[in-house]
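Biologist: Could you walk me through this one while I have it open? I'd like to begin with the strands and then move on to the helices.

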Amino acid sequence: MASITLEGLKKTYAGDVQAVKGVDLAIKDGEFVVLVGPSGCGKSTLLRMVAGLETISDGTLKIGDRVVNDLEPAERDIAMVFQNYALYPHMTVYNNLAYGLKNRGFKKPEIEERVRHAARMLEIEEFLTRKPRQLSGGQRQRVAMGRALVREPAAFLFDEPLSNLDAKLRVQMRVEIKQLQRRLKTTSLYVTHDQLEAMTLGDRLVVLNAGQIEQVGTPMEIYARPASMFVASFIGSPAMNMVPVEYLATRSTESLLDDLPAGTDVVGIRPDDMHLTPPSTPHLVVESTLALFEAAGAESHLYVRLSESDQPTVIRVSGQPPVREGETLRLYVAREALHPFDSASGKRTGG
Amino acid sequence: MVENRRFLNVLTHLVLIIGVLVVAFPVYVAFIASTHEAGAFVRGVIPLTPGDHFWATYSQMLGSGWQVAGAPPVWLMLANSTIMALAIAFGKITISILSAFAIVYFRFRFRLLAFWIIFITLMLPVEVRIIPTYAVVANLGMLNSYAGLTLPLIASATATFLFRQFFMTVPEELMEASRVDGAGPMKFFKDILLPVSITNIAALFVIMFIYGWVQYLWPLLVTTQEDFYTIVLGIKRLMASSDRVPAWNLIMATVTLAMVPPVMVVLLMQKLFVKGLTETEK
């Protein structure tokens, strides 16, 4: 167990392509940090740099108190779970788990004991004599986790480990990973492009965009106060609606927009902050036309167009309101639900 | 075709049977000829049923050979051929799998150049470079030796290329996982890559064994002592006696014996062979 410290970490590929443009991050001992971002944002590259599978172009990487920039992956005391599991196809599950221990010169009884222990924890004991190809996706996933577990490393690195599973299994494994990490208290770095996975798993999230950190914080901090328009639209589903202040100013009779921070020209509104009935707090009122109604069981998504603007907007309401497509709807937005942004810089205004 | 009509069934079987007959008949005639006495084959009517000289012919060929035609015992030639074919097959596989490993998994200077130089040697089989190769082998004093028989035939661009293509389909994560698991490059090669390639190795082994077995021109050049004659060479020598009536029974017995080892290799490795050529299991 150890902390992981990234100082000005950079990755430059041949031809001056910068995949990671200077990342500073301190991961505390036992913390579960999720790197999240769209594809191509450099999150996997960053993880692979921590693992030692990519060279570090610039900056310092510390695991514990040790600078590990130039160490081989095996010497960094980390274990990694790969997206496609990367199980050795010709070895039994037992040997898959034992291989890393054998290479490190563990004695047979100790290997046996650790493998059994990990297998029991992951409930894969009955598969120990099977080959990976005889296992289902979820079972392979467990074996891949087991391979990381037996080593009892200082840190776990997960590279989108759930993206090859079907939706139901993904939720189940997500819960299990979380519980396992809670129990073992091993420092973990987890890469995903799925914002829901990120929100539910991480103690802290690191939102990456184009090789740079956009925001670091607990899931709820990031959800409640996104630092930029990018984070705002990336975290939360359906994505946050962006409405120009100018438009709201002409539509809304009340002068609620006067106290928005200086420089604000766009406000973000979460789909669940747009209501069909007026809230008790000060609020804005906007007229719109319902373009599409989507019932999703416990909740419904309303795709509307704000009147005299073609701005497509999504609203999420619980249950199934009695509305018809084509109908005109009045939308109520509480003043405190507005997220002020400056569209030129993309940053949140007013600190 | 998924059609299942009686007429078509009969027709397809007929075609297949004719095909089998065309292929198998000469082999059958060779075997029959080897069971008759020497003159039976040149009398005008070729016998089509087995004769009674089976033991006599085969024990003569295996045991003492046919000294008049300068042919050593067949067992010696079979042994020579086996040694040569095995050495060529193992040598080719060892060298090509290692060079493919280097080309695919290591980033070194002139890697691509190295690959293309290997690839270009596809255009230079032994027949093309036979005189310089002979000169080199002769100068190294390797005439009439197993080394001289096999070494010049061992390098294989084809096998290197096949292994390269196969390695490129092996997911890179396997290598990365083994790195994280603390395996160095050669350990990865031995523990992971080799077992994963086993079917490909088997397929290549069969092909290369037969390639080695049927070599004629090169053994003809580098061997002058009977001790190093290969079986294919021996057959030719049995036939080359121009001033005598060819002893067809002895020749055909040798031919029949020469067919046995390659057939055995194919039969034994059939399953792996087909798997290696068709299946990519990972």
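Biologist: In which sense do strand 7 and strand 8 of chain A pair, and over how many bridges?

Modeller: Bearing in mind that this is a predicted model, strand 7 of chain A and strand 8 of chain A, the latter covering residues 187–192, pair in the parallel sense over 5 bridges. Within that pairing, Ala155(A) has Thr187(A) of strand 8 as its bridge partner.

Biologist: And how does strand 6 of chain A run relative to strand 7 of chain A?

Modeller: Those two run parallel as well, with 4 bridges joining strand 6 to strand 7, which spans residues 155–159 of chain A. Here Ala155(A) is the bridge partner of Ile78(A), while on strand 8 the partner of Ala155(A) is Thr187(A).

Biologist: Are the side chains of strand 6 of chain A buried or exposed?

Modeller: In strand 6, residues 78–81 of chain A, Ile78(A) and Met80(A) point one way, Ala79(A) and Val81(A) point the other way, and all of them are buried.

Biologist: What is the strand order in the whole sheet of chain A?

Modeller: The order is 6-7-8-3-9-10 in an open sheet of 6 strands with mixed pairing. Strand 6 and strand 10 (212–217) of chain A each have a single partner strand, so they stand at the edges and one side of each lacks a neighbour in the sheet. On average, and ignoring direction, neighbouring strands of this sheet are turned by 20 degrees against each other.

Biologist: Which helix lies across strand 6 and strand 7 of chain A?

Modeller: That is helix 4 of chain A, residues 137–149, which runs at about 175 degrees to strand 6 of chain A.

Biologist: What does UniProt list for residues 4–235 of chain A?

Modeller: The unreviewed UniProt entry lists "domain: ABC transporter" for that span. In the model, residues 4–235 of chain A are 37% helix and 26% strand, with the end C-alpha atoms 25 Å apart.

Biologist: Switching to chain B, how do helix 3 and helix 4 of chain B pack?

Modeller: Helix 3 (residues 74–105) and helix 4 (residues 111–120) of chain B pack at an angle of about 145 degrees, with their axes 9 Å apart, and their crossing is left-handed.

Biologist: Which residues make that contact?

Modeller: Helix 3 of chain B contributes Ser99(B), Ile103(B) and Val104(B), and helix 4 of chain B contributes Arg111(B), Phe115(B) and Ile118(B). By class, the contact has 4 nonpolar, 1 polar and 1 charged residues.

Biologist: Which parts of chain B does UniProt annotate as "transmembrane region"?

Modeller: The unreviewed entry gives several spans of chain B, including residues 113–137 and 192–214. Residues 113–137 of chain B are 64% helix and 0% strand, with end C-alpha atoms 27 Å apart, whereas residues 192–214 of chain B are 91% helix and 0% strand, with end C-alpha atoms 34 Å apart.

Technical notes: Residues numbered from 1 in each chain as written. Chains lettered and ligands numbered in written order. Predicted model: local features only at pLDDT ≥ 70, side-chain atom pairs only at ≥ 80, totals over all residues. Heavy atoms only, no water. Buried < 20%, exposed > 50% of the residue type's maximum accessible area, 1.4 Å probe, protein only. Pairing = 2+ DSSP bridges. Axes fitted to C-alpha atoms, helices over the stretch in contact; angles between N-to-C directions. Left-handed = near helix turned anticlockwise from the far one by under 90°. Contact = heavy atoms within 4.5 Å. Nonpolar A, V, L, I, M, F, W, Y, C, P; charged D, E, K, R; others polar. UniProt positions renumbered as here; feature names shortened; annotations may be inferred.
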